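Student: Hi, could you walk me through this one?
Tutor: Happy to, have a look first.

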Amino acid sequence: MDLELIKKLDELIVLFDQNSNLKRIEELKEEIYKDKELSKKIETLKNTDQYSSNYLNLKKDLMSDSRIKEFKRLESDIILLTLSINKKLNTLVRKKGCFHENN
């Protein structure tokens, strides 16, 4: 791998380590799973048929919690950031020519 690319990846890792959104999402995750009631609801939701009315009611109930709302918002932001980074990285490492495994 190109030395400059490795340097850029190291810089990217440092940025992720310092990112306040990532720190906050970890804190929220810990808070949510420490809350026994919320944790139980999440587990119940995972084991419920997603087309049932019970699933919808449980999901509405969970999404009304401010910590879960914030978690989901941060999660979306992080996913978009990751997609953007992947796009940039692909342009850096993609080489012109045939990508066939025999070449």
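Student: What share of the contacts with a separation of 6 or more comes from residues 24 or more positions apart in the protein chain?
Tutor: In the protein chain, residues 24 or more positions apart account for 56% of those contacts, a contact being heavy atoms within 4.5 Å. Bear in mind that this is a predicted model, where local features need pLDDT of at least 70, side-chain atom pairs count only at pLDDT 80 or more, and totals for chains, interfaces and linings use all residues. Residues are numbered from 1 along each chain as its sequence is written, and side-chain values use heavy atoms, with hydrogens and water left out.

Student: OK, new topic: how many salt bridges are there in the whole structure?
Tutor: A search finds eleven, each a side-chain nitrogen of Lys or Arg within 4 Å of a carboxyl oxygen of Asp or Glu.

Student: Which residue does aspartate 61 pair with?
Tutor: Lysine 41, with the closest N and O atoms 2.4 Å apart. Aspartate 61 is in helix α4 (residues 53-63) and lysine 41 in helix α3 (residues 36-46), so the pair ties together parts 20 residues apart in sequence. Helices here are DSSP runs of H or I, at least four residues, numbered from the N terminus.

Student: And where do glutamate 75 and lysine 72 lie?
Tutor: Both are in helix α5, three residues apart, about one turn of the helix.

Student: Which residues form a network of salt bridges?
Tutor: Arg24, Glu27, Glu31 and Glu70 are linked that way.

Key
Helix = DSSP H or I, 4+ residues; strand = E, 2+ residues; numbered from the N terminus.
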